[in-house]
Amino acid sequence: MTDITAKKTVEDSLRSSEEQFRNMFEHHDAIMALIDPESGRILDANNAAEKFYGFVREQLKTMTTQDVNTFSREEAKAVRIQAMRKEKNRFIFNHRLANGESRIVEVHFSPLVTGGKTVLFAIIHDVTDRESMEQALRDKEEKFRTIADFTFDWELWVDNDGNLLYTSPSCEAVTGYSREEFLAQPTLLAQIVWSEDRKLFEEHNCTAREDENARHIIYRIVHKSGDLVWIHHSCVRVVDSEGNTNGRRISCRNITWQKNVEAEREKLIQELQVALSEVRKLSGLLPICSNCKKIRDDRGYWGQIEQYITEHSTAQFTHSICPDCLKKLYPETYFENSTN
């Protein structure tokens, strides 16, 4: 006779554990399956798997993972090897259902010893809706990233304390400094503002934080090359869906060429004004004596017509004598010239 009490206790405990596992396996809401790591055959599946895939349990036990996978047999085997080696335990697959529908699933594999054999215990989650939402979010983020990163103007986002949260790559075209340099030095913008405009810039920063409306200023920065660049700076308070302030959105535009055009225009206007002030012309009615032909000026004095025209225009006189006056005043000279 042999005392087998300890052995029976272990066997009873094992049966109890297996029964608990079986109950949990069969009735859990999560999709579960036991997979042969060598062949990929489905050794067992629970009620949730039967409901999800649309195959009855006995059908599932005659199938392999390849019957539901949408990728090659070689890829499926490589996945099982990784899971058995515990190199990776989480995978995203496309699985086919009995009705032909394809669903995105997240599978968590872990090796499990049962009946003296190591199998793969798979917990499967239907993440189709989650993946669709995440893809929609990624698409949305990509759209706004494209808008922000590829804008011609320099776009920034600073938090409530003035710390830089985002800067578009166009900062390099405007300032000569790269995005990495701005992110490494959050106060770089304030540092490159030209000394004569720094007070204006600082006052703007202090008042803009509490202003709900968009604000605009124009100042100069020192480009990395040393050149002065004119900046049109616009900023507006950023608020979330609950009305909380999340900093400011800033847009900086290089308007140097506009400023140069304005300067050239002002210079041209000044030159034209000087030129116009120097141009004198005669206009209106001139009071002239019908006999001696003297002209009365604005002060009431009578003067020679030559003097008046010289003072009121750019014309200059050279004196000669017409044939009629020559005949009248110097007849002998006139007749000599006419004979010759």
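In the predicted model, Ser-178 is buried, with a relative accessible area of 13%. This serine is found in the loop that lies between α6 (171–175) and α7 (179–184). When residues up to four places away in sequence are left aside, Ser-178 touches Cys-171 and Glu-172.

Helix α4 comprises twelve residues, 73–84. At 1.5 Å a residue, α4 should span 16 Å, and the 17 Å separating its end C-alpha atoms agrees with this expectation. The buried residues of α4 are Ala-76, Val-79, Arg-80 and Ala-83. Viewed down the axis of α4, these buried residues fall within an arc of 95 degrees, and they therefore line one face of the helix. The packing partners of the buried residues of α4 are the strands β1 (31–35), β3 (90–96), β4 (102–114) and β5 (117–126). Following α4 is Lys-86, whose phi is positive, near 60 degrees.

Cysteine residues were also examined. Zero disulfides were found in a search of the whole structure. For Cys-235, the closest cysteine sulfur belongs to Cys-252 and lies 9.0 Å from the sulfur of Cys-235, which is too far for a bond, given that a disulfide requires the two sulfur atoms to be within 2.5 Å. Cys-235 is buried, with a relative accessible area of 3%, whereas Cys-289 is partly exposed, with a relative accessible area of 23%.

Methods. Residues numbered from 1 in each chain as written. Predicted model: local features only at pLDDT ≥ 70, side-chain atom pairs only at ≥ 80, totals over all residues. Heavy atoms only, no water. Buried < 20%, exposed > 50% of the residue type's maximum accessible area, 1.4 Å probe, protein only. Helix = DSSP H or I, 4+ residues; strand = E, 2+ residues; numbered from the N terminus. Expected span 1.5 Å × (residues − 1). Arc of directions from axis to C-beta. Contact = heavy atoms within 4.5 Å.
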